[in-house]
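Please read the points below with the sequence and the model at hand.

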Amino acid sequence: MIVGLTGRNASGKGVAAAFFQSVGFIYFSLSDELRSVLQEKNIPITRENLIEYGRQFRHELGPAFLAHRIYRRLDPEKNYVIDSIRHPEEIRTFRLRNDFRLLLVKANPKIRFERICARQRENDPLDWDTFLAVEARELKNDDPMGQQIEACETMADVVIENESTIEAFHEKLRRWLRAELEQQPRLAWDHYFMRIAKVTALRSNCLKRKVAAVVVKDRRIISTGYNGTPRGVKNCHEGGCPRCYALGASGQDLERCYCSHAEENAITQAAYHGISLHGAILYCTLSPCILCTKMIINAGIREVVYEGQYPMEDVATQLLQEAGVLIRRL
């Protein structure tokens with residue numbers, strides 16, 4: 001899950017970020033990314049420079065260039081909190097992940113001004129008129145590449161007010177986060193095993209196509225296979241298969257291909273280790289050819305789930321159906 005934080009100065013975004021870090025979220029800040037860029041260019045880090053050079057760099061590199069720098073470093077299996085989101089294009093970048101939620105932290109202007117005066121950070125506005133003037137510049141900018149906090153606020157998925165104690169704010173965040181995580185769906189079994197098959201395909205050494213199969217029984221993987229040359233034979237990408245190494249047209253000279261198919265390898269690997277496939281489900285990234293279909297039937301596999309359609313063997317589907325093997329496209 002990715003939680004993005006937006007809001008006005010001294011609303012409590014830093015407190016929210018610290019809370020999420022305390023429960024295991026990895027922290028990123030677009031302001032920190034911008035500070036890194038300023039340091040690389042030997043530009044003094046002040047609030048004015050962060051605003052001005054942020055606008056300038058958005059003109060040069062695009063409005064979401066900081067978000068892209070962070071997005072590339074996000075792993076799908078980890079939780080993140082991302083602070084200092086100030087432009088709609090940054091939000092659109094993170095929304096490429098369907099587990100992104102934008103949280104708006106909100107507080108009354110008088111309360112926020114009191115917090116600013118109490119914290120006494122360098123370059124903070126310490127009189128009311130300056131505070132209002134700075135906020136007006138940050139909220140809405142005639143330059144489309146400048147900060148657009150007001151526009152970001154309208155894109156929030158949830159608004160949480162922070163006008164009381166830190167403990168009360170933490171409790172609001174905790175209740176929201178718990179409800180949000182409880183609603184997140186688990187990966188379905190079909191997609192789980194197909195994703196494993198797709199990772200398995202990365203082991204393939206075939207020059208023409210990377211394909212993999214995973215055989216499952218009682219929701220437990222009992223065999224895997226990917227396409228490539230037979231055991232003890234030089235790998236396909238090293239010239240082990242003359243047909244693939246020649247990089248000829250697809251669908252031609254198949255009789256010269258030395259590579260075993262993924263389903264074939266998964267079935268023979270099970271046989272090599274003395275494992276029965278009777279009643280199993282085979283997940284494959286590509287629908288089986290006629291040769292693999294015959295092996296699937298004779299191995300006693302009861303179901304085939306595939307993703308891509310093999311372009312040359314429609315008869316394989318008919319044969320599986322005739323033999324009573326269930327076949328589904330995911």
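Predicted model: local features only at pLDDT ≥ 70, side-chain atom pairs only at ≥ 80, totals over all residues.

1. Five strands make up an open sheet whose order is 2-3-1-4-5, and their pairing is parallel. At the edges stand strand 2 and strand 5 (158-161); each has a single partner strand, so one side of each is left without a neighbour in the sheet. On average, neighbouring strands of this sheet are turned by 25° against each other, direction ignored.

2. A pairing inside that sheet. Strand 1 (residues 2-7) runs parallel to strand 4 (residues 100-106), and six bridges pair the two. The reader may locate this pairing through Val3, whose bridge partner in strand 4 is Arg101.

3. Helix 2 lies across strand 2 and strand 3 (80-83), and its direction makes an angle of about 55° with strand 2. Helix 9 (residues 166-183) lies across strand 1, strand 4 and strand 5, running at about 160° to strand 5.

4. The contact of helix 2 with helix 3. In general, a pair of packed helices is described by the angle between their axes and by the distance between the axes. Here the axes of helix 2 (residues 30-40) and helix 3 (residues 47-61) come within 10 Å, and they cross at roughly 85°. The two helices are therefore roughly perpendicular to each other. On the side of helix 2 the contact is made by Ser31, Leu34, Arg35, Val37 and Leu38, and on the side of helix 3 by Asn49, Leu50, Tyr53, Gly54 and Phe57. By class, the residues of this contact are six nonpolar, three polar and one charged.

5. Strand 6 and strand 7 run antiparallel and are joined by six bridges; Val216 has Ile221 of strand 7 as its bridge partner. The hairpin of these two strands has two residues between the strands, and in this hairpin Asp218 takes a positive phi near 55°. Strand 9 (residues 303-308) and strand 10, by contrast, run parallel, with four bridges joining them. Val305 finds its bridge partner in strand 10 at Arg328.

6. The largest pocket. Which residues lie closest to the centre of the largest pocket? The pocket has a volume of about 910 Å³, and of the 41 residues that line it, the closest to its centre are Asn9, Arg47, Arg86, Arg119 and Arg121. Helix 1 (13-22), strand 2 (26-29), helix 2, helix 3 and helix 6 (109-119) each supply at least two residues of this lining. The lining residues divide into eleven nonpolar, 15 polar and 15 charged.

7. The cavity. The structure holds one cavity of 30 Å³ or more, and the volume of the largest cavity is about 30 Å³. Its lining consists of Asn9, Arg47, Pro125, Phe131, Val134, Glu135 and Glu138. Helix 7 (residues 128-139) gives the largest share of this lining, four residues. Three of the lining residues are nonpolar, one is polar and three are charged.

8. A link between the last two points. Asn9 and Arg47 are among the residues closest to the centre of the largest pocket, and Asn9 and Arg47 also line the largest cavity.

Notes
Residues numbered from 1 in each chain as written. Heavy atoms only, no water. Axes fitted to C-alpha atoms, helices over the stretch in contact; angles between N-to-C directions. Parallel < 35°, antiparallel > 145°, perpendicular 65-115°, else oblique. Contact = heavy atoms within 4.5 Å. Nonpolar A, V, L, I, M, F, W, Y, C, P; charged D, E, K, R; others polar. 1 Å grid on protein atoms, 1.4 Å probe; cavity = no way out; pocket = protein on both sides within 12 Å on 5 of 7 lines; lining within 4 Å. Points joined across faces, edges and corners; volume = space filled by probe spheres on them. Pairing = 2+ DSSP bridges.
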